[in-house]
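Subject: A structure for you to explore

Hi,

Have a look around it first, then read on and compare.

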Amino acid sequence: MSEPSGSVTAGMSPTLQQADKPNRPDWLPMALVIGLTVVAIVIAVAVTPKFLTVDNIRAILRNAAIVGIVAVSMTPITLSGNFVSLGISQSAMAAMVSFVALVGTGMPQVFAIVLVIAGLVAVGVLQGAVVAAGLNPVITTLAAGAIIFGVVSEVSGGGIVRAGDAPLSWGGSTVAGIPIEVLVFLIVTIAVTLLMSRTVTGRETTLVGANRPTAEVSGISFTRVTIVAFAIFSVGLAIAGILNGAAFGQATAKSFPDLTIDSIAALLVGGTAIAGGQGSPLRSAGGAILIAVISNMMVLNDFSTGGRLAVQGGVVVIVVVVLDLMRRGAFRR
Amino acid sequence: MTSMTRMAAVLCATALSLGTVLGGVQAQEGTGSVMGEGKELVMFTITASNVYGANQIKGATAEAEKLGYKLTVFQNNFSQPEQDQQVQQYIASGAKPAAVIFWPWVADAAINDVRLLSRLAPVIQLTQEPNEKSWPFVQAYSGANQILIGKTVGEMLIQARDAAKAAGMEFKSPEGNLLIFQHPEGEKTGTERYKGMIEATKDAPFNEIHLEYGANSPESGYEIGSQVVPKYKGEFDFLWVSNQQAANGVIRALKENGITPGKDVYIVSGDCSGSLEAVKNGETFGTGIQPAAVEGALAVRTAAKFVANGGIEGDVIQMEVEAEAPEIDPGPPAKFNFMPHAPAIGADGVANTKIWGYNADEICAS
């Protein structure tokens, strides 16, 4: 039996069109995220002096960037019905440690970047293959994360890995006043959004998540879709690790302690259905920005750590519940 | 045996068991020697994937070997449930250690662990001081003196103010405005250090404009710093950051906001955990040299001294800063056995600091 390819589109067009046309207006979740962000900004402006300063807006975008890059690049995994990865922190940490270590050996940074991306993609493809073979994606990524953490901890001996005298200051630089990680966030969001909405691979990914049996009957390979989704995700993780490595010039096995939870929260707040089939990378980017705005407002208004976590958790729950109710309403119609 | 006698025997046995369970190991005969002669010490601490944990374990292992003890180490990944499990499994293994060295990850949640371990052997608590609920099961505390660390911070801040004044810096208030990035809210480490800092600066206080919680890593330091710095931009002269790792994140945030550390603002970090580059290049004015390896070694010594003497004597032993490790004092440990702690200001301070054979780079960043 031959694997379907991107050229085999005529036979599956009707089904793909169904996946492309959900039972409710696709703009509703995005409108919800944008609406909530606008409300949060209006409240923040009203109660927070200096909220709308250039420095503060830059800070919000910077804080949204790394989480946003990971959430956006993880969206294909969720869209394909493979839930989320629970090994995010460890993989991004491995990328950060590897990049800093390679640069520290004197390797040209471009080679180090290529090597790190290639390494992460290899690990991601392996996880994708295991998931495609039938293992639970949550357990697979959790186990992979534990292995990666263990290996990096052993190799680094718990110590700090440094880039030495290598010029890594570009990690905190700006282009035309825009921080480099924000630019990369923008580029990654546009690229993954186009990939998911304008290519056969993207539409296949959404269809597999929406209705796997139908997709398989249509000749779409779950294995190929899953592996591609994990590969895209790995590129995002590598970019996040490289950016942070370049910004700090050092890394440890404990880097990125909260990235897993923060990225999943951004993805869910963006309205991507955890079971797959509905959502978009653009919405995940919106989710990351919404969380950063709310977090910033609370920091500037002296909320306690517990209060901040409670409000952030509350926002995730509210958005997910509202979106779920919208979905149910759409299916009833 | 009559039923009444049997009942009395059962009641006596129950009372004795309860006494042991509730009270833990009571005063015991000492062995008379600090040498372990192959006996086991067991240590429950944080993971060696953390630089502080790795150094602490390294110091404890070397000292145990020197004293002839076999050291068994259980590491948790900053997780109280994981530590609970390790304690249960260790107890179930039937091991009979000479003493237990225990760093509870969450002190309040680890009380049952301390209680169970105290039935096995004397417990020496490490790094985190026991609270009133755990003291009945703990024989002695060994580790950092957080009040002293806070005092050292206060003294370095005063020196930073003098240096800034000498450099011609104009303060935002007569005392100098101080912004604080503290440990996560509720952590005893942060509250004790704060008390020490206030105590050290009571005669020459700073104008504290804001205290922000949650900075304990480069990422969290940057995340919080990048938001708080713009809010207070132009309003602060001095920064106190919980540790040097977090300070590195805050320094990044300062630079991104056009503030030059060491010129526009003077930074002091509570301890050097992380790296010393920023202290050497002047971006951080000074830091506290908190030697995790010495803390591990001192915990083993405290345990060995307790086993040798069968009890404690006095309230506090504060170890002085010495370039080489002093010979172990065979006398009993005190209730609080504090490790040495030294300030390091600038590149010279880093270069000249040596504690128990470890230089500043080995202590802080290896």
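**What I found**

B:Glu37 sits in the loop of chain B that runs between helix H1 (3-23) and strand E1 (40-46). Please keep in mind throughout that this is a predicted model. The phi angle of B:Glu37 is near 50°, a positive value in a residue other than glycine. Is B:Glu37 buried or exposed? B:Glu37 has 11 C-beta neighbours inside 10 Å, and a residue with 12 or fewer counts as exposed, so B:Glu37 is exposed.

You will find A:Asp302 in the loop between helix H12 (281-300) and helix H13 (305-332) of chain A. A:Asp302 counts as exposed because it has 12 C-beta neighbours inside 10 Å.

**Chain B as a whole**

Now zoom out to chain B, which has 12 helices and 15 strands. Its radius of gyration is 23 Å, close to the 21 Å that the globule rule gives for 366 residues, so chain B is as compact as a globular protein of that length. Along its principal axes, the C-alpha trace of chain B spans about 90 × 40 × 35 Å. Of the 366 residues of chain B, 55% count as buried. If you take the contacts in chain B between residues at least 6 apart in sequence, 75% of them join residues at least 24 apart.

**The two domains of chain B**

According to the domain assignment, chain B has domain 1 (28-144 + 291-354) and domain 2 (147-289). The centres of domain 1 and domain 2 of chain B, taken over C-alpha atoms, are 30 Å apart. Where the two touch, 17 residues come from domain 1 of chain B and 18 residues from domain 2 of chain B. On the domain 1 side, the elements that give two or more residues are H2, strand E13 (342-345) and helix H11 (346-352) of chain B. By class, that side of domain 1 has 11 nonpolar, 5 polar and 1 charged residues.

**Where the chains meet**

How many residues does each chain bring to the contact between A and B? Chain B brings 30 residues and chain A brings 28 residues. On the chain B side, helix H2 (51-67), helix H7 (218-232) and helix H8 (244-256) each supply at least two residues. H7(B) gives the largest share of that side, with 9 residues. The residues on the chain B side divide into 10 nonpolar, 12 polar and 8 charged.

Start with helix H2 of chain A (residues 27-47). At 1.5 Å a residue, its 21 residues should span 30 Å, and its end C-alpha atoms are 30 Å apart, which agrees. The buried residues in H2(A) include A:Leu32, A:Val33, A:Leu36 and A:Ile41. The buried set, which also takes in A:Pro29, A:Ala40 and A:Ala44, covers an arc of only 165° around the axis, which puts these residues on the same side of H2(A). On the other side of H2(A) there are exposed residues, among them A:Trp27, A:Gly35, A:Val38 and A:Val42.

Helix H6 of chain B (residues 188-200) can be read in a similar way. Its 13 residues should span 18 Å at 1.5 Å a residue, and its end C-alpha atoms are 18 Å apart, which agrees. The buried residues of H6(B) are B:Thr189, B:Gly190, B:Arg193, B:Tyr194, B:Gly196, B:Met197 and B:Ala200. They cover an arc of only 165° around the axis, which puts them on the same side of H6(B). What do the buried residues of H6(B) pack against? Their partners are helix H5 (146-166), strand E8 (238-243) and E9 of chain B.

**One proline to finish**

B:Pro261 lies in the loop between H8 and strand E9 (266-271) of chain B. B:Pro261 is buried, with 21 other C-beta atoms within 10 Å. Leaving aside its neighbours within four places in sequence, B:Pro261 is in contact with B:Ile251, B:Leu254, B:Ile267 and B:Glu283. B:Tyr69 is 192 residues away from B:Pro261 along the chain, and the C-alpha atoms of the two are separated by 47 Å.

Happy exploring!

Terms used:
Residues numbered from 1 in each chain as written. Chains lettered and ligands numbered in written order. Predicted model: local features only at pLDDT ≥ 70, side-chain atom pairs only at ≥ 80, totals over all residues. Contact = placed C-beta atoms within 7 Å. Helix = DSSP H or I, 4+ residues; strand = E, 2+ residues; numbered from the N terminus. Nonpolar A, V, L, I, M, F, W, Y, C, P; charged D, E, K, R; others polar. Domains from an automatic or database assignment. Rg over C-alpha atoms; globule rule 2.2 N^0.38 Å. Buried ≥ 20, exposed ≤ 12 C-beta atoms within 10 Å, placed from the backbone. Expected span 1.5 Å × (residues − 1). Arc of directions from axis to C-beta.
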